[in-house]
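I am opening this notebook to record, step by step, what I looked up in a structure that is new to me. I begin with the chain as a whole and then turn to single elements and residues.

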Amino acid sequence: MLARNARVMAGGELALVRKFATTQDAAAGLRGLARKLSRQPRSPLAQWYAQRAAASGVKGISYVTDTSPANLTRLGYLALLHPEVPIVFCRRDPLDLGASLYFKNFRSGHHYSYSLATLGRAIAAAEKVMDHWLTVLPNPMLELRYDDVVLNPDRGRTALFHHLGLDQQPHPAPPPATATAARLFPSRTSTDFDVISADLIGFGRRFHRQLEPLLAAYAAEKRRPELVPAPD
């Protein structure tokens, strides 16, 4: 949706924040790490994303999106270097999200997604991390509901463009649907032509009984004590 604006490049799951975090030694604590990063003449993160934009050959790119879930727990590193960078959190109904992850059959990693109880805990833990960052990070942050964006794409796009300070530029109409475009994937609501479909809203409900272990683990994890900021 953001890439419909000429100033935005859809980078996909680059995981560059996670990559940057693995290069840092946090043994000196948060304040020590902040002092170290403040002394750097140039931001490695800015350079990495700028290189991606340059490699695209498109001029005038202001933003490169990075949608990797691996970045979620490392957003504190992003905030230390770039408190001005906008962050977007998107929440999805845990039943639909759980069904989509369970049926995804990832090529590598994400083995937790094949244990319903572990999957339920992982979804709840991710939501709690989002809540934590919303409390402590200085970055401009926007929360979206997946269902709301799918059911009203124009409103979702308006919210996103406003959050990033982008003009509401006209976007081309999608090509007519084809047999390929009409295929549904439980983990993806858009087709190859980026035609957003609401057909997967409530998809998980048909598996409610089978997903009961997921829901029980999700509820139990949500009841656990919330994350709290570390003392100064």
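**Ground rules.** I noted that this is a predicted model, in which local features need pLDDT of at least 70 and side-chain atom pairs count only at pLDDT 80 or more, while totals for chains, interfaces and linings use all residues. Residues are numbered from 1 along each chain as its sequence is written, and side-chain values use heavy atoms, with hydrogens and water left out.

**Whole chain.** I looked up the elements and found nine helices and four strands, where helices (H or I, at least four residues) and strands (E, at least two) are DSSP runs numbered from the N terminus. Along the sequence they follow the pattern β-α-α-α-β-α-β-α-α-β-α-α-α. Of the 232 residues, 36% are buried, a term that means under 20% relative accessible area, with exposed meaning over 50% and partly exposed in between (1.4 Å probe, protein chains only). I also noted that, among contacts (heavy atoms within 4.5 Å) with a separation of 6 or more, 76% are between residues 24 or more positions apart.

**Strands β3 and β4.** I then followed strand β3, residues 87–91, whose covered face holds Ile 87, Phe 89 and Arg 91, and whose uncovered face holds Val 88 and Cys 90. Strand β3 runs parallel to strand β4, residues 141–145, and five bridges join the two; strands are taken to pair if DSSP finds at least two bridges between them. Phe 89 stands opposite Glu 143 in β4.

**Helix α5.** Which residues of this helix did I look up? Phe 103 lies in helix α5, residues 94–104, and Ser 100 has its place in helix α5 too. Ser 100 counts as buried because its relative accessibility is 3%, whereas Phe 103 counts as partly exposed because its value is 40%. A polar atom of the Ser 100 side chain lies 2.8 Å from the backbone oxygen of Leu 97.

Methods. Polar contact = N/O pair within 3.5 Å; in protein donor to acceptor, adjacent residues only side chain to side chain.
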